[in-house]
Amino acid sequence: AIEAAKSGHIVDVYEKSYSAGGEMLLASIPPAKSAMRNFIRWQVRQMEKLGVNLHFETEVTEELVKEVNPDVIVYAAGASASQPQIPGADKENVVSAFDVLSGAVAPGMANVIIGGGAVGAETANWIGMTRMVPSTVVEMGPAIALDEGPTLPNLLGDLAKRGVKLLTNTKVKEILDDGVLVENPDGSETK
């Protein structure tokens with residue numbers, strides 16, 4: 001939108017939510033991620049300065065497209081959480097990190113986070129910081145949050161400080177009503 005407006009185009013941005021940023025806004029919630037929020041604010045300010053028409057809480061429908069009759073439509077709907085292919089993933093006690101971070105779902109008194117990439121590790125950190133309840137992160141790979149970047153040492157320190165249990169080289173075999181069944185690095189299974 002910014003580049004199109006700089007090129008002289010009349011630009012309208014439609015956002016179903018109340019705010020710009022989408023999943024990036026949720027990703028800015030965990031500790032040490034506020035720079036993302038600043039970037040979203042910068043983008044909005046740039047669009048406003050360039051005369052981009054921002055339409056929040058507006059879903060793009062066939063009727064809207066007919067009414068506006070644009071020359072070009074750029075579909076940029078963003079990301080969505082994927083459902084793990086694990087038996088029990090459809091249970092009511094399974095929620096996405098994005099639902100937890102957005103406040104749509106409150107974390108439990110004890111939480112198992114499947115996936116120890118940046119999103120899983122940051123969610124565990126946020127739960128520990130805001131709810132002060134224990135979490136366990138289960139990661140199939142050899143390390144936690146390898147995709148975190150330069151804030152990784154701080155994140156790992158925060159996780160340790162908050163008592164988050166980190167299980168690496170560990171695979172979730174099944175999601176149960178009261179926990180998970182995992183395959184440990186030695187091949188044994190533990191609930």
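Predicted model: local features only at pLDDT ≥ 70, side-chain atom pairs only at ≥ 80, totals over all residues.
From its first C-alpha to its last, H6 reaches 18 Å, close to the 18 Å expected for its 13 residues at 1.5 Å a residue. Just after the helix, Met 132 takes a positive phi of about 55°.

Within H6, which covers residues 118-130, Asn 125 has a relative accessible area of 1% and is therefore buried, the cut-off being under 20%. When neighbours within four places in sequence are left aside, Asn 125 is in contact with Pro 31, Leu 155, Asp 158, Leu 159 and Arg 162.

The largest nonpolar core comprises 15 residues, of which Ala 121, Ala 124, Ile 127, Val 137, Ile 144, Ala 145 and Leu 159 touch the most other members. Two or more residues are given to this core by each of H5, H6 and H7, and the largest share, four residues, comes from H6. Leu 159, with neighbours within four places in sequence again left aside, is in contact with Ala 121, Ala 124, Asn 125, Ile 144, Val 164 and Leu 166. Apart from this core lies another, of nine residues, among them Ile 2, Ala 5, Ala 20 and Ile 40.

Note on methods. Residues numbered from 1 in each chain as written. Heavy atoms only, no water. Buried < 20%, exposed > 50% of the residue type's maximum accessible area, 1.4 Å probe, protein only. Contact = heavy atoms within 4.5 Å. Expected span 1.5 Å × (residues − 1). Core = buried A, V, L, I, M, F, W, Y, C linked by side-chain atoms within 4.5 Å.
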